[in-house]
Amino acid sequence: MIPQKSSIALIKKSYKITLDSIKHRPIVYVPFLIFAILETFSLIVLNFAPRQPLVVVFGPPIKTFLGERFLHYPAYFLLLPKLSALSRMVLSVIFGSFLTGAAINIIFDLYQKGQVKLGNSLQSALKKYAAFFLIYLLVTVLFYYSMKICASALLKYFMAGHTKLLFLSAKLWLGPLLICVNFVIAAFIQSLFIYALPILIIDKERLLGSIWKSMAMFKKLFVPTIILVAFPMLIYLPIILLNANSGFLMSKLFPEFMLIVTFAGIVLSSLVIDPLITISTTFLYLINKES
Amino acid sequence: MKRSVYCILAFCFATSLVGCANDQFAVEKEFWHLQKQAGKILTNPDATPTRELETAVNKFDTFVKKYPQNYLAIEAEFNIARLYLVKKEFSAARDRLSAIVKKHIKSAVVCSEAAFLTGNSYELANNWDLALQQYKKLIQDYAITPRGLSLPIYIAQQYQTKYQPDKMLEAYQEAITHYRELALKYPDSPLAFNAHFLVAKCYMVIKDWQNAVNSLRAMIEKYKGKVALDEVLMNIAVIYDRQLNDKVKAREALEQLKKDYPKSRLVKAATALLKNQGVK
């Protein structure tokens, strides 16, 4: 681990370069913009999922796995954020992996040569698509199941008849505390694998080697990495809170409000959080490599 | 590049067409907005101007005309009657309800609900005799509908809220007789099972614990092996334990529950009750 003073300096430097490159070379932003457009398309499709003719395709799985009532107005809008989150997972693994790879290629070219050709970056990302795909799949599966395990463990604990855990009630644990626990899990898992793609692209390392080195790098740059990953993720907290109170919001305002919240979530995660995390950690990796 | 722009435009056009479809989801959305407007009147009827009531009624009427075959059209018709009821326009409400009965004469469930609301209108107008007359007619005409089945207990509960214990007891006795007759009339049907259970429930309300247990025991003899009786056994156990103070019989019922229905959701509660009695 590195000392606290230099950690702060590293974070400052990473953010400075990140913001400069977004400001002066907006091409860095293009892969994230493409992903945001893809997510918006998926949200549009999901928004019309309970309606004709899309209900023919989406109706049976929703009815079977989530319940018939979610195919009706306004209950469908309770489900929309969940469906959007699931579609984001799928899109991240299939397209996000490739586009993040392309973004890292662009950052590397900018840092090394000072000039970028989008086509070349996309092409070299395509060459390593299989490895990117597997890393994203691993991260997504880990993330999804750790959250599921955590939530069901808490639920089982309280269903067994316990009223408190660490002096706190079930209402607190299954409400705001579960959100915090999920946040910590998400930040930790993302931090563990955050350098895998830069190592794959920049160091031309193999898949397993890149994952291993990413973990080692995370251990070495623990404080700056966790801050660069977790800090932008905090921006998403209002969306989580709004989603947690969806029933109340829908009854007080209008059901389509959840569509607006979900879209705001897409904008925040794809156009603010993801670029900040990816670009800043890649620069941190490059700075560290240089030093 | 041009091709991808055309693709995006085609996608946007196709999805906008989906949004325009007048399908069930669109009908539900329209109904939800009408209901929300009606909700404001229902929660605060005295502060609502008559013009607002008329607007809401007109909108529901338009909805009924627009989607006459939709199941929500019936709900819209009921909502109109409810709006008139809360605004104390009882004759208008009754007219609407009798129109519903005429229109949906073949549906006993719809007719029973309309008849019940008609009875409610007399109750709200402080005319209990006419309300009771209406309810008794409903019990005769639509005995096997959910509303018809619950109404004898509803009548007794009304006396309970009015602090008329004699009439309440009488109403519960009448309910017991009615449910027994129903069980005889429709033997070996789910309705008969429900009727037997309601008999026990009536005895429990009037605190006639021995008769309640006898009714529940009769159910076990009659339906053993045909229906899940875990709830019946739990009721017997609770009555023996807390009311008749017969711990042995309570334990017998709980052990039978655990033995006969090991996967029942009541097993946990049964185990806890047994533990309270000192049985492991």
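How many salt bridges are there over all chains?

A: The count comes to 17 salt bridges over all chains. Bear in mind that this is a predicted model.

B:Glu113 belongs to helix H6 (residues 108–124) of chain B and B:Arg147 to helix H8 (residues 146–161) of chain B, so the bridge ties together parts 34 residues apart in sequence. B:Glu113 is partly exposed because its relative accessible area is 24%, and B:Arg147 is partly exposed too, at 23%. The charged end of B:Arg147 also sits over the ring of B:Phe116, 3.9 Å from the ring centre. In chain A, A:Arg69 lies over the face of A:Phe70, 4.5 Å from the ring centre.

Back to the bridges in chain B. B:Glu77 and B:Lys103 meet through their side chains at 3.5 Å, N to O. That pair links distant parts of the chain, with B:Glu77 in helix H4 (residues 71–86) of chain B and B:Lys103 in helix H5 (residues 90–103) of chain B, 26 residues apart.

Another bridge joins the side chains of B:Glu231 and B:Arg265, at 3.9 Å from N to O. It sits just inside the cut-off, which is 4 Å. Here B:Glu231 is in helix H12 (residues 230–243) of chain B, while B:Arg265 is in the loop between helix H13 (247–260) and helix H14 (267–276) of chain B, 34 residues apart. B:Glu231 is partly exposed, with a relative accessible area of 40%; B:Arg265 reaches 66% and therefore counts as exposed. Over in chain A, salt bridges with shared partners join A:Glu39, A:Arg88 and A:Asp274 into one network.

Now the rings. The whole structure holds 25 aromatic pairs over all chains. One of them is A:Tyr111 with A:Phe283: the centres are 5.9 Å apart and the planes are at 50°, so the pair is tilted. A:Tyr111 sits in helix H4 (residues 76–112) of chain A and A:Phe283 in helix H13 (residues 257–290) of chain A, 172 residues apart. A:Tyr111 is partly exposed at 24% relative accessible area, but A:Phe283 is buried at 3%.

A:Phe188 and A:Phe218 make an edge-to-face pair, 5.6 Å centre to centre with 75° between the planes. This one connects helix H7 (residues 170–193) of chain A, which holds A:Phe188, to helix H9 (residues 207–220) of chain A, which holds A:Phe218, 30 residues apart. At 39% relative accessibility A:Phe188 is partly exposed, while A:Phe218 is buried at 4%. There's also an aromatic cluster that takes in both chains: A:Tyr73, A:Tyr76, A:Phe77, B:Phe25 and B:Trp32.

Last stop, helix H6 (residues 129–159) of chain A, where A:Thr140 has its place. A:Thr140 is buried, with a relative accessible area of 15%, and touches A:Met89 and A:Val93, leaving aside residues up to four places away in sequence. A:Ile149 is in helix H6 of chain A as well, but counts as exposed at 55% relative accessibility.

Conventions. Residues are numbered from 1 along each chain as its sequence is written. Chains are lettered from A and ligands numbered from 1 in the order in which they are written. This is a predicted model: local features need pLDDT of at least 70, side-chain atom pairs count only at pLDDT 80 or more; totals for chains, interfaces and linings use all residues. Side-chain values use heavy atoms; hydrogens and water are left out. Rings of Phe, Tyr and Trp (its six-membered ring) pair if their centres lie within 6.5 Å; planes under 30 degrees apart count as stacked, over 60 as edge-to-face and the rest as tilted. Helices (H or I, at least four residues) and strands (E, at least two) are DSSP runs, numbered from the N terminus. Buried means under 20% relative accessible area, exposed over 50%, partly exposed in between (1.4 Å probe, protein chains only). A charge sits over a ring if NZ of Lys or CZ of Arg is within 6 Å of the ring centre and within 35 degrees of the ring normal. Contact means heavy atoms within 4.5 Å.
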